[in-house]
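Here's a quick briefing to read with the viewer open. Have a look at the fold below, then we'll go through some strands and helix pairs.

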Amino acid sequence: MAYNLQSLLTILQQILDPQQTCWKFDHNKPQLQSLFEKVESLLQILEKPSLTNILPSKLESRIRDASYKAEDIIESHMVYQKLSNPQSPSLTFSTPDLQQVTEELDLAMEQVQKLMERKKTISTSLSSSSGASSSHDVQLAIQQLESVNLVEVVEKKMPALWTSKNNLVGVDADMLQLKDRLTNMQTKLEIIPITGMGGIGKSTLARNLYDDRLIISHFDYRGWAAISQLPNMRDILLSLLRRPDEKIDDELNGCNEDELKDILYQRLFGRRYMIVLDDIWSTKFWDEIRMYLPNNNNRSRVVITTREAHVAQYIVNSKSLHHDMQLLNMSASWDLLRQIVFGEEDCPLDFQWIGIKIASECGGLPLAIQVIGGLLSKVERSIDAWKHLSTDVRASIVESEERFSNILSLSYNHLPIYLKPCFLYMGAFPEDSKIKGSRLMRLWIAEGFVKSIGDKSLEEEAKDYLKLLVERNLLLVTQKKQNGKALSYSVHDLLRDLCIRKANEEKFLHVKNSMRRVSVESSYDMEDVCASPQLMSLARSFICTSDKINVSPVLCMLRLVRILDIMGMLLEEFPEEILQLVNLRYLAINCSSGLPDGMSRLHNLQTLICPHFMRYVTSELWEMYELIHIKFAEFIMKIKKIKFDLKKLQTLYIVWITPKLISSGFFEGIPNIIKLGIYYEDSPNIEVDLSHLHKLEILLCESQLDKDGSRFLHTLRFPSNLRKLSLLGCVVFRSLLTTLCTLPNLEVLRIMECPFEREGETAEEEEEEWEVTEGDQFRSRLFLLLQFLNLVRWKANEPNFPKLRKLHVLNCNRLEEIPSAIGDISTLQEISIVECGASIVASAQQIIKEQQEEYDNFDLKLYIR
């Protein structure tokens, strides 16, 4: 597990940085510098693509153990020093400890160099072999070379798979049959099981049905829930009660499980509904939920997916009613593989025979074809490389479940070493988790997995890591932002199994003799953790995803932890033990009491997240100069500190604007801010100048409508690079909208609960309208959301929004209609109307009708709820 070297290298870089002021060294600096140079040299060698997957396991173990030991030595001394004598910057190490680690890395370097020399010798032997050479010698050299698996990896963009109908190959008949069963005249509630082996595409087929336009219009209510092997009934109920693409409201969050069951039954009663229960593993879960799915005799349907045939048989006592998915035939397998590798390009004729051979080796399993296709897209496009890979695939595909495991391992083994820990980290999250990309990136950075190259920031590099994992089909994009970019990710459950297996082999996650990174989902897990206090003292990550576990016993064990994510549970008091975790880089905590004094002890903290309203936030927060991301659910109490210098801060939600805050130069002290939330209440005449914040891309402005401060947007100066702007509870003037047109990069505009007013008038004086004048043009606008507005009329033309893709209008009951010219925008893909009046619905329907009848535009979608 050679990539652990990057984490060690990150630590050494931080403490040897000549600009850092936290540490001073007596006699150890030369040793540390020597260690740094050896680690850097070894990492540079191991990162070469030609060494991908050729290191013997013993050598990988040697490097892993040495890097772990070095990390433990260095960070243990740092933590001890900070806790025992926090005022002293002196850092002293035991010379024998450092010397032993250095010697172990020297030995590893020597073995790696010998391996490289052997590889070079074999390559030379191959290149110099002639027709007169002994065929036995040449064959032996070939076998030796193939044994080290020399496949050069190239970067090439490839399409995401199994996320759209376009990538459904060989299942047209399945779609037709299931759509008929979902929409036929059978009045009683019908249960439709979709069964088949893991990776065959059950969930993908169900998702395409769920999102089909005919299905959406046929049912009054749709709900989707992922079940998994350890079903959490409360989360499942919340998923079924949540509207598509919307957050769960606070009222539902406050309900207990029994209340949620009653709400689900009441919501479904009398309505024609479609419920999808994805990935059911046990009959026990079905027995528990079936009574809350009423038979309304109105053609309601429940779709289940399961790989367990006996579960489907129990739920629907007739095998003939199961929809068993079949493996792809040879033609469909090759068609899918060709799409993955070549996209819209034609496959060269000389590649077809070997491509068909590779497709046949996958046994018709779509996920196997997906993984191999992703690998083929990355290797050198040559017949020899494909032949080499076809041999590996054939050897990997054997009878039983092991064949699929080997194919997945093949994909993992070809990952560059810097991506392997990022992929393995997915095993720390529960099955079917959807993880925001921002969270993943911050966790990777806190662990030290991400290396900055050139002028790129760590965040930019981490984004590239995410992109590469998606392109290699090891991560799936599960949700997108309003501008079409990826928001959250997941990993297929079979790939997650691979994560866990590989992580166990490499002592990466929680295993019997190593607790380097610990993820707790149940009380049983917590008992196991608490039984190993010595191992837990070396843990670097602790993630708890349950809301019913007492984490207090383990907090005092986490001496060296970098990541503490216990956001799943609500704590009434902030645990004092956390203030002793001075090695923390990432803290996500759901605490109602507030942040206590003493937070400044966490001098390494980079990310601080709390999704709950806090009554108190210590002013020490503004002395933690390593902070990069601060995100709270509500707003930060008024900031009293006079001087600010938070040059690393990139995210801050939400700061309360006061005259003192402005006069103290707060915004001058956060020059690198990227995401910012500000809250206004009083003092409407304060001028807030954000124009100098050149990196600010995402801004939330919030106020209260019953205060004069809600008019503060009138004096706000925006930065020119703003990409996303959300206005909540603020008075909107026409001059403001004209100002927004001057922002060249504004892609997303959300206006929520904002009254529109004309300068010098109040909202009650006249019916409000938004008239976008001829000269006003939102040049980059991709997404526009209007919600709970007092608008009566809206006038706009196609040139005003030349790039608009999505228009969402929610709860605008006074608005009469959508401008008809909106339909003429060539880029427009979607209009969504939610809980609005009949006239606005009629205007949207008329837009769709005109586009279809007059321009044959059937791509524009209309969603009405």
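This is a predicted model: local features need pLDDT of at least 70, side-chain atom pairs count only at pLDDT 80 or more; totals for chains, interfaces and linings use all residues.

**Strand E27 and its neighbours**
- Both faces of E27 are covered, with Phe783, Leu785 and Gln787 buried on one side and Leu784 and Leu786 buried on the other.
- As a general point, side chains in a regular strand alternate between the two faces of the sheet.
- E27 pairs with strand E24 (residues 748-752) in the parallel sense, over five bridges, and Val748 sits opposite Phe783 of E27.
- E27 also runs parallel to strand E29 (residues 806-810), again with five bridges joining them; here Gln787 faces Leu810 in E29.

**The five-stranded sheet**
- Another set of strands makes an open, parallel sheet of five, ordered E4-E5-E6-E3-E7.
- Its edges are strand E4 (221-226) and strand E7 (323-324), each of which pairs on one side only.
- E4 is joined to strand E5 (residues 273-278) by six bridges in the parallel sense, and Ala226 has Asp278 in E5 as its bridge partner.
- Helix H7 (residues 202-210) lies across strand E3 (190-195), E4, E5, strand E6 (301-306) and E7, at about 160° to E4.
- Helix H9 lies across E4 and E5, and runs at about 150° to E4.

**H9 against H11**
- Helix H9 (residues 233-241) also packs on helix H11 (residues 257-268), at an angle of about 30° and with axes 10 Å apart.
- Angles under 35 degrees count as roughly parallel, so H9 and H11 are roughly parallel to each other.
- The crossing of H9 and H11 is left-handed.
- On the H9 side the contact uses Met233, Arg234, Leu237, Leu238, Leu240 and Leu241, while H11 brings Glu257, Leu260, Lys261, Ile263, Leu264 and Arg267.
- Sorted by type, the residues of that H9 and H11 contact come out as eight nonpolar, no polar and four charged.

**H20 against H21**
- Helix H20 (residues 437-447) and helix H21 (residues 458-471) pack at about 115°, with their axes 9 Å apart.
- H20 and H21 cross in a right-handed way.
- Gly437, Leu440, Met441, Trp444 and Ile445 of H20 touch Leu458, Glu459, Ala462, Lys463, Tyr465, Leu466 and Leu469 of H21.
- The tally for the H20 and H21 contact is nine nonpolar, one polar and two charged residues.

Terms used:
Residues are numbered from 1 along each chain as its sequence is written. Side-chain values use heavy atoms; hydrogens and water are left out. Axes are lines fitted to C-alpha atoms, for helices over the stretch in contact, and angles run from 0 to 180 degrees between N-to-C directions. Helices (H or I, at least four residues) and strands (E, at least two) are DSSP runs, numbered from the N terminus. A crossing is left-handed if the near helix is turned anticlockwise from the far one by less than a right angle, and right-handed if clockwise. Contact means heavy atoms within 4.5 Å. Ala, Val, Leu, Ile, Met, Phe, Trp, Tyr, Cys and Pro count as nonpolar, Asp, Glu, Lys and Arg as charged, and the others, Gly among them, as polar. Angles under 35 degrees count as roughly parallel, over 145 as roughly antiparallel, 65 to 115 as roughly perpendicular and the rest as oblique. Two strands pair if DSSP finds at least two bridges between them. Buried means under 20% relative accessible area, exposed over 50%, partly exposed in between (1.4 Å probe, protein chains only).
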